[in-house]
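Here are a few notes to read alongside the model. Have it open as you go through them.

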Amino acid sequence: MAAHTRIAGPITLLSEDLVALILNKVTDLDDRNSCSEVCQLWLKVEGISRSSLFVRKPGFPLTILNRFPNLVQFQTTQLTTDSDLEFIARTCPKIEDFKVADFTSPEEGFLGRNGLSALACGCPKLSKVSLIGDKIGNAGVVELVNSARSLSSLELGHDLIGDPALRAIASSSITVLKLKSCCNVTDHGLGCLATGSTSKTLRKLVLKMCGKITDDGLKDLKKMRSLEELTLSWCQGEITDVGGMAISAIRNLKELKLNALYGLSDLTVSALAFCKKLQVLDLSGCEGVTGPGIRAFSSHQGLRRLVLLGLRNLRLADLESLALGCSSLEAQSVVVDESWRQHPTWSDELMHENTRRVLKFSGYSYH
């Protein structure tokens, strides 16, 4: 009788290439983690074939990245020092998308010029970077922008970020810039963006809770030739209809979000109605906007979506005028508060069919 060779299971007979093909079909993160526990071969191949990693647990050992040399996306909630960034650059040089959201105390470490320079130089395809938290300052951002030749998208979030960072960014060719809680960014910084290289390249600009932005800074944005998407949210500086009407002069604007800007009124919205390329408009929380402003879009031929959460001074007749006049609106594209249905004058039965088609009620409260 022939002797039989005992094996752990038929799965161990698979080659690395076959295991890699199998793992490429596994997209669920938990399933991939389970696959890595099959045996040493699967552990090895799972690490080599993984392209993205999100590390949530604080205090994780960076040496774990040795398993993942081909990462393209890396996200973490804790990095401590420049040495961490230098290690990542050496270990995972293929990273293109890098995100840090770290709110631990800066006393535990700071991500500065040396580390961000190492990351940019060690990962030559680095194109998308998000740095949120208490460990990022102007000097590090300047070094990153000057060193990352492929950088196209940058997100920054902390009050240490100010105009020096924006001056450096203005000389780059990035297409997306998001600034959140950057309370030291002023009109001067916006002016740098509007007159530097970014005036020709920037397609998307997000300004959230940047309290020193005023009408003067918004006046410069009309110089940005490529700008298609603009967000101004909770920027509690002196932003009035002067700045709002300046925004209407941005000729290529397609998507505009103006949230909780209490100094804006129907004058701004009426001016925006002349932006022929505008497709998406969010006026949530702009309490000064009323019926006449919304009716101004009744003859617009390109608007697809309009968000009106938190606007209390509108009537059903205003929405009817909009729905019947603006034929480009998509189904369920005009978003209003659910509480409207409790108003004494509201009547679903009397509503025109097209108004019912475009309206969407949201239970989200903007106040």
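1. At roughly what angle do the axes of helix α5 and helix α6 cross? This is a predicted model, where local features need pLDDT of at least 70, side-chain atom pairs count only at pLDDT 80 or more, and totals for chains, interfaces and linings use all residues. Numbering starts from 1 along each chain as its sequence is written, and side-chain values use heavy atoms, with hydrogens and water left out.

2. The axes of α5 (residues 113-122) and α6 (residues 138-147) cross at roughly 20° and come within 8 Å. That makes α5 roughly parallel to α6 (angles under 35 degrees count as such).

3. On the α5 side, the contact (heavy atoms within 4.5 Å) is made by R113, L116, S117, A120 and C121. Residues on the α6 side include V141, E143 and L144.

4. α6 is mostly covered, with 7 of its 10 residues buried (under 20% relative accessible area, 1.4 Å probe, protein chains only). Its buried residues pack against α5, β4 (128-133), β5 (153-157) and α7 (163-170).

5. The salt-bridge count comes to 10 (a side-chain nitrogen of Lys or Arg within 4 Å of a carboxyl oxygen of Asp or Glu). One of them joins E229 and K204 at 3.8 Å, N to O. E229 lies in strand β8 and K204 in strand β7, so the pair ties together parts 25 residues apart in sequence.

6. R315 and D318 also meet in a salt bridge, at 3.9 Å, N to O. R315 is exposed at 53% relative accessible area (the cut-off is over 50%), whereas D318 is buried at 3%. R295 joins R315 and D318 in a network of salt bridges.

Technical notes. Axes fitted to C-alpha atoms, helices over the stretch in contact; angles between N-to-C directions. Helix = DSSP H or I, 4+ residues; strand = E, 2+ residues; numbered from the N terminus. Parallel < 35°, antiparallel > 145°, perpendicular 65-115°, else oblique.
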